[in-house]
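Take a look at the sequence and the model, then read on.

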Amino acid sequence: MQEGMVHPDENIGLRKLVLYRDVVFTEAGEAPAQPARRASVAAVIRNPWVSAGPSADLSREQSHIAPVLAKLLTDRLVASLGGVDEIESFGKAAIVGTSGEIEHAGALIHTPYFGNLVREFLQGESIICFADTRAEAGETLIVPLWHKTHASTRSHYQTISARVSDAPRADEIVVIAAASTGPRPHPRIGDRMTDPVVTTESLEVVPS
Amino acid sequence: MSVRKIVTVVEEIRTEGGREVDRPARVAVVAAVIENPWAGQGFVEDLAPGIDANASDLGGLLAPAVLDALDAPAEAYGKAAVVGLDGEIEHGSALIHTLKFGDHFRKAAGATTLLPAIEKRGPAGVVFDIPLKHITDATIRSHHQTIEVRITDAPHPNEIVIALAAAAQGRPQQRLAPLSTEQ
């Protein structure tokens, strides 16, 4: 075995998976020019660090669990949105149960063992935007999405909700990947290329 | 029928009670957010024209979609109507409590029983539970189950959420004795 090689552990304590997908047909009474499908996929796993304390080294478990989650969640996302080529924007999130630390959520979504692989599986280049929180079961988390190759593309700034009615339990973590096949329904707030220069001087007003 | 959005939820349960389930337990919901056909009309005495104009189309839209989302033969099913705050619960009931709606699902699933249902009124983001029972024998206790749904921005006051739910099996780790053993 190669030194330092990581072997993802299939036994990640997975309790359930929840897919949430929506398709907007009309918004403000009109059909979008480019109707987008958006989806989030949530995996409920046991928190491997409950009672571990704030000085515990998180690296071993994150390298074994996060790659399995990245593959599982992106496979479901791609299948539910019609293929990886359809996906234009992405995001990620985690909800840690009340016996865990936010740091535990971060360990599973903010390291290369999750983020790099999600980006690779979804064929993106951007940093992946995120949300995380600690909450009781049934909390709705709003997951931000942005463009997978051009993060500053303003038309693709959007969110989708993720919620598991009976998770996370106190000793669980909900890990989420999310994606969209297009922009907001009627994007019309310009972009960096079209923005005027806005400063207090250009507005001839100093906010006070 | 004016559909604003369609929401799909699929749950797959791998462990329950700390034990793996024999095969992953799948339950799917597909919900259409539609404009309330009677919105802004005051008290409408005769709901039949609105039912005729919408109920069959809704059943035809949702039944294949929920079976597709389930991706397995359905063994249990249920339905729901959640009316926005400006409507009557009667409006939601009108659209789901008609054979014109339910027969699409029965036919597509090979089902024979009546669909268990909930009807309620609430704000956008209201949580609702859809009850499911066995598709050919509503007394089969192993298949009595529910799935919880929430759509953050629906129903608006002038909208109705109409949903169908389907399960590919009974409850995970179901182990209650059949009803007949108590008779």
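Which residues of β3(A) point one way, and which the other way? Ser89(A), Gly91(A), Ala93(A) and Ile95(A) go to one side, while Phe90(A), Lys92(A), Ala94(A) and Val96(A) go to the other, and all are buried. Being buried takes 20 or more other C-beta atoms within 10 Å of a residue's own; 12 or fewer makes a residue exposed, anything in between partly exposed, and the C-beta atoms are placed from the backbone. In a regular strand the side chains alternate between the two faces of the sheet.

Some ground rules: this is a predicted model, in which local features need pLDDT of at least 70 and side-chain atom pairs count only at pLDDT 80 or more, while totals for chains, interfaces and linings use all residues. Residues are numbered from 1 along each chain as its sequence is written, and chains are lettered from A and ligands numbered from 1 in the order in which they are written.

**The two chains**

- Chain A has three helices and seven strands, where helices (H or I, at least four residues) and strands (E, at least two) are DSSP runs numbered from the N terminus.
- Starting at the N terminus, the order in chain A is β-β-α-β-α-α-β-β-β-β.
- Chain B also holds three helices and seven strands, and its pattern along the sequence reads β-β-α-β-α-α-β-β-β-β.
- Along the principal axes, the C-alpha atoms of chain A fill a box of roughly 60 × 45 × 40 Å; for chain B the box is roughly 50 × 35 × 30 Å.
- Of the 208 residues in chain A, 42% are buried, and of the 183 residues in chain B, 46% are.
- Two residues are in contact if their C-beta atoms, placed from the backbone, lie within 7 Å. Among contacts in chain A with a separation of 6 or more, 75% join residues 24 or more positions apart.
- In chain B, 77% of the contacts between residues at least 6 apart in sequence link residues at least 24 apart.

**Around β3(A)**

- Eight of the eight residues in β3(A) are buried.
- Two strands pair if DSSP finds at least two bridges between them. β3(A) and β7(A) do this in the antiparallel sense over eight bridges, with Ile95(A) opposite Val174(A).
- β4(A) pairs with β3(A) in the parallel sense over six bridges, and Asp132(A) is the bridge partner of Ala94(A).
- Strand β5 (residues 141-147) of chain A joins β3(A) in the antiparallel sense over two bridges; here Phe90(A) stands opposite Trp146(A).
- β3(A) is also among the elements that the buried residues of α2(A) pack against, as are α1, α3, β4 and β7 of chain A.
- Those buried residues of α2(A) are His104(A), Ala105(A), Ala107(A), Leu108(A) and Ile109(A).

**Where the chains meet**

- 17 residues of chain A are in contact with 17 residues of chain B.
- The largest share of chain A's side, 11 residues, comes from β1(A) (residues 14-24).
- Chain A's side divides into eight nonpolar, four polar and five charged residues. Ala, Val, Leu, Ile, Met, Phe, Trp, Tyr, Cys and Pro count as nonpolar, Asp, Glu, Lys and Arg as charged, and the others, Gly among them, as polar.
- β1(A) and β1(B) pair in the antiparallel sense over nine bridges, and Lys5(B) is the partner of Val24(A).

**Buried spots in chain B**

- Leu70(B) sits in helix α1 (residues 48-70) of chain B.
- Leu70(B) counts as buried because 22 C-beta neighbours lie inside 10 Å.
- Leu70(B) touches Arg26(B), Ala28(B), Ala166(B) and Ala168(B), leaving out residues up to four places away in sequence.
- The C-alpha atoms of Leu70(B) and Ala167(B) are 7.2 Å apart, although 97 residues separate the two along the chain.
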